[in-house]
Amino acid sequence: MKKLRSKYLLLLPIMMASAALASGCSSSNHIVLRVLNAGDYIYEGGGVSEEELEENYAQFFSDDEMMVQFKKYIKAEYGQDIDFVYDTYDTNETMFNELMTGKSSYDVIVASDYMVQKLISYDLIQSLPSSGKEHDDIKEHVSPYLWNIFDGIFPKDKKTNERLFDKPLSNYSVPYMWGTVGMMYSPEFYETKFNYDLDKTIELFSSWDSLYSRETSKTFSVKDSVRDTYVVGVIHTFEKEISELKTKLENGEIDETQFNKSLNDIFNRCDDETLKLIQDDLIKLRDNSFGFEVDQGKTDMVEGKIGANLAWSGDASWAISEAETDYEKELYFSIPEEGSNIWFDAFCIPTSSKNAELAYRFIDFMSKPESAIQNAWYVGYTSAIASDDVLDLYYSYFDVRGEIGGESEDEYIEYDLSYFFKDSITDPNDAIIHADESQVNRMLTATFPEGSDLPHLCVMDDFGTQNEKVLDMWEHVRSNPLPIWALIILIVEIVVAAGLITFVLVKKRTKNKMIKQRRALRNR
């Protein structure tokens with residue numbers, strides 16, 4: 001044993017040098033990228049058939065899942081072999097807790113707008129490069145409309161709740177998907193129930209008031225999510241103030257930018273007094289609804305179990321398509337006129353990332369039009385990428401001409417998407433979609449809000465230091481106290497039970513008293 005050990009001791013320096021050399025090669029040429037994303041939120045491969053998309057769009061789709069495509073891209077472009085770990089989370093809060101505890105380390109994460117604010121506040125993500133090839137590519141591909149919004153979103157100080165105006169989201173994240181919150185509804189359902197025609201139903205769901213009316217009582221569901229349902233509560237609570245603001249806009253006293261800023265201020269109120277008002281409002285909403293749901297609402301709509309649902313635009317797109325394909329039923333989607341939430345999910349690089357350069361290359365790869373087309377088609381949400389190829393894909397969906405530069409004699413309405421595409425495409429005039437009127441208030445509206453809706457769309461901030469109070473308010477709303485009739489029955493049952501118990505006790509006491517009296521008589 002000693003001779004053998006001595007022999008290996010002589011070889012130890014050579015072995016260590018070889019290991020160091022191998023380690024160096026591994027670190028420079030073979031690394032692991034760790035990605036954390038929401039579930040079902042990336043293209044998972046399989047390609048598409050020409051029946052699903054026109055031939056010239058099917059070419060963008062690979063049989064490989066997106067992560068494998070990226071691995072091949074890095075090998076081809078940089079000669080580097082990489083592996084990847086791809087994990088998913090169920091909620092933003094779960095992801096936040098993972099980063100806070102340090103149990104897992106990731107190079108790229110996808111987070112919603114308010115969570116990006118929180119991650120910045122807690123120094124959990126790093127600022128992104130402000131120059132270089134990847135930076136230029138990303139800036140070219142992402143819609144300037146979204147960059148402009150990201151420039152105006154700021155995190156809050158985690159202790160004072162004051163905005164940190166030197167840290168906009170655009171310095172820390174890259175938009176991935178975006179959308180709105182609105183009402184998905186079935187005209188057929190309300191025609192059957194109330195004999196409403198289509199115009200009447202569209203008018204009904206043009207306002208959040210519809211969810212508080214007797215007409216919709218117990219026919220709709222709302223999200224079991226404080227942020228999404230808070231949207232309805234805050235707008236409905238301050239609808240008079242919002243209406244006065246709208247009148248000022250219509251009279252020219254304020255412009256759209258001032259209107260949107262004031263609306264955002266109202267939208268993000270969460271002081272103690274506001275929370276009490278919103279709690280009372282949301283309890284009314286709860287009592288008028290069919291109930292809360294997490295992810296079942298879109299399926300319930302497709303199957304006709306309910307008439308309306310508070311929905312994310314991407315879920316509405318999926319449900320509209322499924323209902324039409326499988327049930328020959330038309331579902332609609334509206335952004336109520338008082339206003340609503342515009343939301344974003346974005347790529348970030350955690351401060352703990354060990355591969356920040358590769359992570360940024362991944363974000364750049366995901367921002368390329370060909371990647372965006374695959375991801376948007378697969379997950380059903382609207383990509384943040386604005387390019388000729390992406391616009392051409394939407395032409396294939398919605399434009400009666402079928403493609404940019406095509407011709408058609410079909411009747412159409414002009415649906416203006418220039419706010420999103422005009423600074424990113426070859427010809428700004430192409431951003432006008434010639435759409436069939438039947439797509440408005442349906443799939444087209446769910447995919448892209450109309451330009452006239454934009455001033456009424458607000459970004460909901462992280463609640464900051466009020467977060468615990470907001471959650472406490474939400475628990476009061478979610479708790480389901482017994483209705484009056486049930487309380488009356490319960491009280492009656494308690495009274496009857498108390499009466500029976502009293503009767504038994506009195507009867508027993510009387511019986512015992514009589515027994516004692518008889519014993520006393522016998523003992524005389």
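These notebook entries record what I looked up on helix packing, a cavity and a pocket in a predicted model.

**Entry 1. Conventions**

I worked on a predicted model, in which local features need pLDDT of at least 70 and side-chain atom pairs count only at pLDDT 80 or more, while totals for chains, interfaces and linings use all residues. Residues are numbered from 1 along each chain as its sequence is written, and side-chain values use heavy atoms, with hydrogens and water left out.

I took helices (H or I, at least four residues) and strands (E, at least two) as DSSP runs, numbered from the N terminus. For axes I used lines fitted to C-alpha atoms, for helices over the stretch in contact, with angles from 0 to 180 degrees between N-to-C directions.

I looked up helix α3 (residues 66-78) and helix α16 (residues 356-366), which pack at an angle of about 115° with their axes 11 Å apart. The two helices, α3 and α16, are therefore roughly perpendicular to each other; angles of 65 to 115 degrees get that word, those under 35 count as roughly parallel, those over 145 as roughly antiparallel, and the rest as oblique. I recorded a right-handed crossing of α3 past α16. A crossing is right-handed if the near helix is turned clockwise from the far one by less than a right angle, and left-handed if anticlockwise.

Contact, meaning heavy atoms within 4.5 Å, is made on the α3 side by Met66, Met67, Gln69, Phe70, Tyr73, Ile74 and Tyr78. The α16 side contributes Leu358, Arg361, Phe362, Asp364, Phe365 and Met366. By class I noted 10 nonpolar, 1 polar and 2 charged residues in the contact of α3 with α16. Here Ala, Val, Leu, Ile, Met, Phe, Trp, Tyr, Cys and Pro count as nonpolar, Asp, Glu, Lys and Arg as charged, and the others, Gly among them, as polar.

**Entry 2. α6 against α16**

I then looked up helix α6 (residues 133-141), which packs with α16 at an angle of about 25°, the axes being 9 Å apart. That makes α6 roughly parallel to α16. The crossing of α6 and α16 is left-handed. Lys133, Glu134, His135, Asp137 and Ile138 of α6 make the contact with Tyr360, Arg361, Ile363 and Asp364 of α16. The contact of α6 with α16 divides into 3 nonpolar, 1 polar and 5 charged residues.

**Entry 3. α13 against α21**

Helix α13 (residues 272-288) and helix α21 (residues 467-478) pack at an angle of about 25°, and I noted an axis separation of 9 Å. That makes α13 roughly parallel to α21. α13 passes α21 in a right-handed crossing. Among the residues that meet are Leu275, Ile278 and Leu282 in α13 and Val470, Met473 and Trp474 in α21. I recorded 8 nonpolar, 2 polar and 3 charged residues in the contact of α13 with α21.

**Entry 4. The cavity**

On a 1 Å grid over the protein atoms alone, a cavity is a set of points where a 1.4 Å probe fits but cannot get out; a pocket is an open set with protein on both sides within 12 Å along at least five of seven lines; lining residues have an atom within 4 Å of a point. Grid points are joined across faces, edges and corners, and a volume is the space filled by probe spheres set on the points.

My search of the whole structure found 1 cavity of 30 Å³ or more. The largest cavity holds about 40 Å³ of space. Its lining includes Pro175, Phe347, Met366 and Asn375. β4 (174-185) supplies the largest share of this lining, 3 residues. The lining divides into 8 nonpolar, 3 polar and no charged residues.

**Entry 5. The second largest pocket**

I noted a volume of about 740 Å³ for the second largest pocket. Of its 21 lining residues, Ile149, Asn260, Lys261, Asn264 and Leu457 lie nearest its centre. α12 (256-267) and α7 (144-151) each supply at least two lining residues, and the largest share, 6 residues, comes from α12. By class, the lining of the second largest pocket has 10 nonpolar, 6 polar and 5 charged residues.
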